[in-house]
Amino acid sequence: MPINVTPIAGLTDEINDIRIRTARIVNEKILPNEAVLWHARRADVTDAERDEAKKLRHEVREKVKAEGLWAPHLPPEYGGMGIDFMAHAYMNEILAYAIGAASLFGVVAPNSGNQTILVKYGTEEQKQKWLLPLVEGTMQSGFSMTEPENAGSDPRSIKTSAVREGDEWVINGHKWFTSNGLEADFFIVMCRASEAGEDGPGRMAQIIVPTSTPGVIIERGIGIWGGTSSDHCEVRYDNVRVPADNILGQVGDGHRAAQDRLGAGRIFHCMNSVGQMWRAFDLMVERLLTREVHGGLLKDKQFMQGFVADSYMDLQAARLMTIHAAEKVDQGDPGARTEISAIKVFVPAAYSRVVDRAIQVWGAAGVTSDLPLAAMYLGARTLRLADGPDEVHRILIAKNVLHHYEKGGSWDFAG
Ligand SMILES: Cc1cc2nc3c(=O)[nH]c(=O)nc-3n(C[C@H](O)[C@H](O)[C@H](O)COP(=O)(O)OP(=O)(O)OC[C@H]3O[C@@H](n4cnc5c(N)ncnc54)[C@H](O)[C@@H]3O)c2cc1C
C-alpha cells in the first residue's frame, strides 16, 4: 500500500511541498522495490542480486539529489537541503514509511548525527577532511560513547581517557555498542581529557579517531536479538595516538555536544517511529479488510475492531505529542526538554503496541521477513533503551514538572 500524503492545512507551503515530493519518490521508487533494494540483508544473496540492488540504490539517490531532497539535516554549503527543523521532522515521518528510505535520502545513523556535530563543532579543516567525505558517502563513521563497565544512561560516568602528550592525544578505554563499527573509517570517541600529569578524572571531550590508527581494536560485532554478530561493535582503545587537532571544539564541550546530538535527534527518531506506526497501521487495516476467517472478514470481528481503535489512538497520540514537542523546540521554549523526554518514553511504547497488534492480525505471516513488522517490533523495543532508557526520561519529566509546581506554576507548563 503506498503512503497517502495530502497537504496539511496550517503547515507552510514549503513543508507540504517537501512532504508530497518525498512521498512521490517513496511510492514510485522505494516501496515497490523494497525487497530488491535490501537483497544484501539476506544470507543467500547472489552477486547478481547484490549488483542489481546497488544499481537501484544509486539510481534512487541520484533522483533524490536531482529533486533537491538530499540530506535534510545539513546546510546547503555541505550538500544538504538547508531546511528548518519542522520541515525535517515532517519529512522524517514520510521517509520512515518505507524500509531504508532515509538512507537513500542521505540520512543514516550514526553518520547523520556525526555530520551534525561536525557542522556545529568542527574546524574548517576537520570539515574538509571528515565531513565532506561523509556527506559524499566515500567515508563511514561511528559514535563511540557507551562503555560496558559504566552506565550508558549516565554518560558522565565514562572512564575512557585522553591524555595530552605534546601534539597528540593518547586514548585508552573500552567501549561497546559503537554502531557501524565494522564499516567505519573513523569514530567520534567520547573521552575524559586531561593534560599529562594533571590530577582528576579529566573533562568530557569528543575526539576524532581514524579506525586504522594502531591500538584501535574492534573486538567483535555484538550479536543482538539472537543474531551471532552485528555492526554494533565492542572496541578497545589501547594507547591510541591521534593529533591534538582531532578534538571537536574544546576540552569540556563533550557532554554538551552529546546532548546537542541527542536532543533534536530524539524528535527525528520519534517522527521515524510515527512513520513506521503509520505503515504498520496501514498493513493491519489492509489485512483486516481482505482476510476471511471463520466465515467472515477479520474487519467484522470485535476483537479486531478493538485493535484498530486502540492503534488509532496510539498513533494519533504519538504523532500529536511529537509535533507538539517539535513546535516547542522550534520556538526555543525551554519547556521542550520535558516534552522531548515525554515523547521518548511514550512513542516507542505506542509504536511497540501498534506493531504487536499488526503482527497478531497477520498471524504467522506477521513474524516472517516477508513483511517489515518483525524488524519493526525489535526496533521499537530497542528504542526504549537507546538514546536514554525510559526510566531516565521519566525521572526528568517528574523533576521538571515538580520543580515548575514548586515555583508556583501549574498545568500551564504544558500549553
Ligand atoms: C542497538 C543499539 C545501538 C546502540 N548504538 C550506540 C552507539 O552507536 N554509540 C554508543 O555510544 N552507544 C550506543 N548504544 C548504547 C545505548 O546508548 C545504551 O545502551 C543506553 O544509553 C543505556 O546504557 P546501558 O546499556 O549502559 O544501560 P545502563 O545505564 O546500565 O542502564 C540499565 C537500565 O537501568 C535502568 N536505569 C538507568 N538509570 C536509572 C535511574 N536513574 N533510575 C532507575 N532506573 C534506571 C534503565 O531501565 C536502564 O535500561 C546502542 C544501544 C543499542 C541497544
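This is a predicted model: local features need pLDDT of at least 70, side-chain atom pairs count only at pLDDT 80 or more; totals for chains, interfaces and linings use all residues.
The shell has 20 residues, and the ones that come nearest to the ligand are Met 145, Ala 151, Gly 152, Ser 153 and Ser 179. Sorted by class, the shell around the ligand holds 11 nonpolar, 8 polar and 1 charged residues.

Which domains give the shell at least three residues each? They are domain 2 (141–248) and domain 3 (255–414). The domain assignment of the protein also gives a domain 1, which covers 13–114.

Domain 1 has its own contact with domain 3. The C-alpha centres of these two domains are 22 Å apart, and 12 residues of domain 1 are in contact with 16 residues of domain 3. On the side of domain 1 that touches domain 3, the largest share comes from helix H4 (residues 85–95), with 8 residues. That side of domain 1 is made up of 8 nonpolar, 3 polar and 1 charged residues.

Helix H4 also packs against helix H1 (residues 13–30). Two packed helices are described by the angle between their axes and the distance between the axes. For H1 and H4, the axes come within 9 Å and cross at roughly 25°. An angle under 35 degrees counts as roughly parallel, so H1 is roughly parallel to H4. The crossing in which H1 passes H4 is right-handed. From H1, the contact takes in Glu 14, Ile 15, Ile 18, Arg 19, Thr 22, Ala 23 and Val 26. The residues on the H4 side are Met 86, Ala 87, Tyr 90, Met 91, Ile 94 and Leu 95. The contact of H1 with H4 has 10 nonpolar, 1 polar and 2 charged residues.

Helix H10 (residues 336–362) packs against two other helices, and the partner to take up now is helix H11 (residues 373–383). The axes of H10 and H11 are 9 Å apart, and the packing angle is about 155°. Because an angle over 145 degrees counts as roughly antiparallel, H10 is roughly antiparallel to H11. H10 passes H11 in a left-handed crossing. H10 makes this contact through Pro 348, Tyr 351, Ser 352, Val 355, Asp 356, Ala 358, Ile 359 and Trp 362. H11 brings Leu 373, Met 376, Tyr 377, Ala 380, Arg 381 and Leu 383. These residues divide into 11 nonpolar, 1 polar and 2 charged.

On H10, the contact involves Arg 337, Thr 338, Ser 341, Ala 342, Lys 344 and Val 345. On H12, Asp 390, His 393, Arg 394, Leu 396, Ile 397, Asn 400 and Val 401 take part. The contact of H10 with H12 divides into 5 nonpolar, 4 polar and 4 charged residues.

Two points of backbone geometry remain. Most residues other than glycine have a negative phi, and most peptide bonds are trans. The peptide bond from Ala 109 to Pro 110 is cis, with omega near 0°. Where does Pro 110 lie? Pro 110 is in the loop between helix H5 (101–104) and helix H6 (111–121). Trp 225 is not a glycine, yet has a positive phi of about 50°. Trp 225 sits in the loop between strand E6 (216–221) and strand E7 (233–243).

Definitions and conventions
Residues are numbered from 1 along each chain as its sequence is written. Axes are lines fitted to C-alpha atoms, for helices over the stretch in contact, and angles run from 0 to 180 degrees between N-to-C directions. Helices (H or I, at least four residues) and strands (E, at least two) are DSSP runs, numbered from the N terminus. Angles under 35 degrees count as roughly parallel, over 145 as roughly antiparallel, 65 to 115 as roughly perpendicular and the rest as oblique. A crossing is left-handed if the near helix is turned anticlockwise from the far one by less than a right angle, and right-handed if clockwise. Two residues are in contact if their C-beta atoms, placed from the backbone, lie within 7 Å. Ala, Val, Leu, Ile, Met, Phe, Trp, Tyr, Cys and Pro count as nonpolar, Asp, Glu, Lys and Arg as charged, and the others, Gly among them, as polar. Domain bounds come from an automatic or database domain assignment. A residue is near a molecule or strand if its C-beta atom, placed from the backbone, lies within 6 Å of it.
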